[in-house]
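Let's take a walk through this structure together, one piece at a time.

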Amino acid sequence: MSSTQPILEVRNLEKTFKQSTGILDLAKERLGLGDNPPIRAVDGVDLRLEQNQAQAVIGESGCGKTTLLKTLMGLYSPTGGDVVFDGTNRDEFSKADWKEFRRRVPIIFQDPFNSINPTFTVRDALLEPLGIHDMKGDDPEGKAIDALEKARLTPAETYLDRRESELSGGEKQRVSIARALILDPDVLLADEPTSMIDVSTQASLLNLLDDLVEELGLSMLYVSHDLSTVSYVCDRINVMYLGRVIESGTTDAVLDNPKHPYTQALIQAIPVPDPFSDREPTDLRGTPSDPINLPGGCRFKDRCPERMDVCDRTPRSTETEDDAEHTVACHLYYDHEGATGADGHATVRAGNGMHGGDDR
Amino acid sequence: MTTDEPLLEVEGLDVEYELTNDVIHAVSDASFTIQENRYLGLVGESGCGKSTIAQSLISALDSNGEIASGTIRFRGEEIQDLTEAEFKNEYLWNEIAFIPQSAMNSLDPLMKVSEQATKIAKEHTDWSKEEALDRFRELFGVVGLPESRIDDYPHQFSGGMKQRTIIALALFLKPSLIIADEPTTALDVIMQDQILNYLQEIRRDRDLSMLMITHDISVVFENCDDMAVMHGGQVAETGSVVDIYTQPRHPYTILLQRAFPDVRFRDRKLETIEGEPPVLHEDMDFCSFADRCPWATPECRQGSPPLEPVPEGAETPRGGGETAADGTRVDDGVVTHRTSCIRQEEMADLADAHLDEIEAKRTLTE
């Protein structure tokens, strides 16, 4: 056990969905007829978000990053695994605990254009959460102004009476951030907060998020598909592929020294704003399969240039040689021969609890 | 191959949209040229007029939009006054193909993709059905799709496959110009890389020019020969990507490059650009960037800035074949580096001083 307790910890989290909720399929299922395997959107994810740390979850569409975020928010209840917030397992949460959790862990959505009530003024939007959490106090308007200033909307007074339609995209996203900050949170969940914002405004939002973590001592979980924006804000990066975290490490370690063949391709594919760049295009082909009825073993094996026979067994997350903080789930990085037990990977995993006991 | 006459020449283009009580000046006095066998990237933020330009090029402006003045010449012929039907008959697919912004949704869901191809061939060529199918099959190979799947319906394809199908259709009748409006924006980064790579590969065996419209300067720097940067309906700067990278002379271009995240230099603090692009209600007879520009002077608001050539810089020699790593981007001086900043001569020094100033401020606060 490490000395400090993480603010948010996820252990072996799983979230599966039924493929179909149609009456025929349900009937078949009841009768034990149809084969209707679930969609394994999040499949054994471990995360440890420390106090005052900004961590990213990176992956392409369909990798499960949004499902992970929604499960963390409590919009989905996990199929398996644990979410531990500030030392308390969420399974033990009372209704009051949940309310407190929502105050301390707000979310900033991807689309600022549809996440603010258009009939509200900025003042209404900011005071609403204060009312819900009984935090209005003597001077709610002062709190609203303070939150706007923290989100760098100045002079704050001039924003209070505006409506959503009178704000630009960047300003809307700042109002969303102020709405999160007004509750004095511990963790910000951010779902691609700059992907719908223009470049000129995106830079100032990234700088703002970076400053907030530093100045207010917040923690942040930042979900995105865009490695280059994430690299400006986050201390750590987790790379997801088909429901699993396949590599995790500090931003520098992952970007400068990626280990997993998928991470390597992902980084290589980022275009750089330089006509003299000698970046070679990635030779990775194809797209990830649907997370239904996946074959056992490594999820990436069908596209992997390094595929070996052993890839039919699920790789465990292993520390890289030079860096205990940098883990990768790939057979290339440990002596899988020596670890092979009578029943394959079960022995490999003994004691570390990654990904559960079986693939299916 | 490269003749003196540009393939596409846009000159002084003004496009307006009529609203109930208002006129939006979406594009003001825009000029740029695309040479034979060159790719031009048109970059800018949302609302800067880049998609409006694409629509005016293919006579497909919304019904309340019109080209108020200016000319669009394709191989010397003026095409700005053509109706949509005339354009379709004379130019679309044969000469100019269009890859729309929502390419994923622009295939007919009720037709096999092969039928969509033969329909285009029937309308625009005298090829037999077999010839058309053979050619389409060949193009599937070019864009990296299995040839056996030309008889599939669009829903049987993934997003990236649909995008490649659209590219195959765009190449189908051997056009000399492809207009691609954000061709990879909706795609994941690995798929984007594959598609951009195909767009590079197809120029190896044929003469092809492209107008690539995007908000992503890294895509332009890597994939285009020339570029035009737009802000608030005006062309701020145009020239070869090498010129604009090495000696940007418009404040917007300078700040945009410094604001753009670059995964290689992530310790650098990103530059921010104050304010928002203007809402183009009034006649744009001033620099549309003036309100956001750290170097604006009163003159910047008096009269629309002309797009003037940038004299060859002393610090970075231009032209005469600066070659990028892949060997394709040679600045042969065909496209003149021009900017619409009236202070362009001072800009290099001002930009450097600005950088020092910011650095000093940061050191102070830290």
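## Two domains in chain B

The C-alpha centres of domain 1 and domain 2 of chain B sit 31 Å apart. Keep in mind that this is a predicted model. In the domain assignment, domain 1 of chain B is built from two stretches, 8–95 and 176–365, while domain 2 covers 103–174.

Where do these two domains meet? On one side, 10 residues of domain 1 of chain B are in contact with 16 residues of domain 2 of chain B. On the domain 1 side, α6(B) gives the most, with three residues. That side of domain 1 comes out as nine nonpolar residues, one polar and no charged.

Now step back and look at chain B as a whole. You can find 10 helices and 12 strands in it. Its radius of gyration is 21 Å, close to the 21 Å that the globule rule gives for 366 residues, so chain B is as compact as a globular protein of that length. Along the principal axes, the C-alpha trace of chain B spans about 70 × 45 × 40 Å. Of the 366 residues in chain B, 48% are buried. And if you take the contacts in chain B between residues at least 6 apart in sequence, 69% of them join residues at least 24 apart.

Next, go looking for the inside. Nonpolar side chains tend to be buried together in soluble globular proteins. Here, the largest nonpolar core has 184 residues, and those with the most contacts inside it are Ala178(A), Val187(A), Tyr222(A), Val239(A), Phe172(B) and Ile179(B). Helix α5 of chain B (residues 159–172) supplies the largest share of this core, eight residues. Domain 1 and domain 2 of chain B both give residues to the core, so it lies between them. Over in chain A, Ala178(A) has contacts beyond its neighbours within four places in sequence, among them Leu126(A), Ala147(A) and Leu153(A).

How do the two chains touch? The contact takes 37 residues from chain B and 33 residues from chain A. On the chain B side, the elements giving two or more residues are α6 (189–201), α7 (217–223), α8 (241–246) and α9 (251–259). That side divides into 18 nonpolar, eight polar and 11 charged residues.

Finally, a word on confidence. The model scores ipTM 0.84 and pTM 0.87. Chain B averages a pLDDT of 87, and 92% of its residues score at least 70. Over residues 314–331 of chain B, though, pLDDT stays under 50. Where pLDDT is low, the predicted coordinates should not be read in detail.

How values were computed:
Residues are numbered from 1 along each chain as its sequence is written. Chains are lettered from A and ligands numbered from 1 in the order in which they are written. This is a predicted model: local features need pLDDT of at least 70, side-chain atom pairs count only at pLDDT 80 or more; totals for chains, interfaces and linings use all residues. Helices (H or I, at least four residues) and strands (E, at least two) are DSSP runs, numbered from the N terminus. The radius of gyration is taken over C-alpha atoms; the globule rule is 2.2 Å times the number of residues to the power 0.38. A residue is buried if 20 or more other C-beta atoms lie within 10 Å of its own, exposed if 12 or fewer, and partly exposed in between; C-beta atoms are placed from the backbone. Two residues are in contact if their C-beta atoms, placed from the backbone, lie within 7 Å. pLDDT is the predictor's confidence in each residue, from 0 to 100. A nonpolar core is a set of buried Ala, Val, Leu, Ile, Met, Phe, Trp, Tyr and Cys residues joined through C-beta atoms within 7 Å. Domain bounds come from an automatic or database domain assignment. Ala, Val, Leu, Ile, Met, Phe, Trp, Tyr, Cys and Pro count as nonpolar, Asp, Glu, Lys and Arg as charged, and the others, Gly among them, as polar.
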